[in-house]
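Q: Please take me through the labels given to the aromatic rings and the nonpolar core here, setting each value against its cut-off.

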Amino acid sequence: QVQVTESGGGLVQPGGSLRLSCAASGRFTTINVMGWHRQVPGKQRELVATITTSGTENIGNSVKGRFTVSRDSAKNTVYLQMNSLKFEDTAVYYCNVRAFSGGAWDVYWGQGTQVTVSS
């Protein structure tokens, strides 16, 4: 089993910053991709940013230039630094991890953390 735990969400004013953290734990051999998606009620889950073990990033168009993804592979942790936040960044942010566990690759998701941008 792989557990994925997010932290760092909250309420922030437009133009402000937040940093999300996500740690993977449990029984797995290795992780290759870690990242973030977000979802607003009634809409599909949207890519925010992912990063591979080698450091290759995939950043969503709506957050390019404002959000930065990074990881500490030794700690199985991924971070999302969110700057210049806008109202439309309000969403539940989900961490996802692609890990090798039980003889197979699979994607594991956290429970989500709410980010609200409001004045």
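A: A charge is said to sit over a ring if NZ of Lys or CZ of Arg is within 6 Å of the ring centre and within 35 degrees of the ring normal. In this predicted model, the charged end of Arg19 sits over the ring of Tyr79, at 4.1 Å from its centre.

Q: What makes Arg45 another case, and which ring is involved?
A: Arg45 lies over the face of Trp109, with 4.7 Å to the ring centre, and the distance limit for such an arrangement is 6 Å.

Q: Why are Phe100 and Trp105 each called partly exposed?
A: Because buried means under 20% relative accessible area and exposed means over 50%, values in between are partly exposed. Phe100 has 26% and Trp105 has 37%, so both carry that label.

Q: Which residues have the most contacts inside the largest nonpolar core?
A: They are Trp36, Leu80, Met82 and Tyr93, in a core of 29 residues. Its largest share, five residues, comes from strand 9. Not counting residues up to four places away in sequence, the residues that Tyr93 touches include Trp36, Leu80 and Met82.

Notes
Residues are numbered from 1 along each chain as its sequence is written. This is a predicted model: local features need pLDDT of at least 70, side-chain atom pairs count only at pLDDT 80 or more; totals for chains, interfaces and linings use all residues. Side-chain values use heavy atoms; hydrogens and water are left out. A nonpolar core is a set of buried Ala, Val, Leu, Ile, Met, Phe, Trp, Tyr and Cys residues joined through side-chain atoms within 4.5 Å. Buried means under 20% relative accessible area, exposed over 50%, partly exposed in between (1.4 Å probe, protein chains only). Helices (H or I, at least four residues) and strands (E, at least two) are DSSP runs, numbered from the N terminus. Contact means heavy atoms within 4.5 Å.
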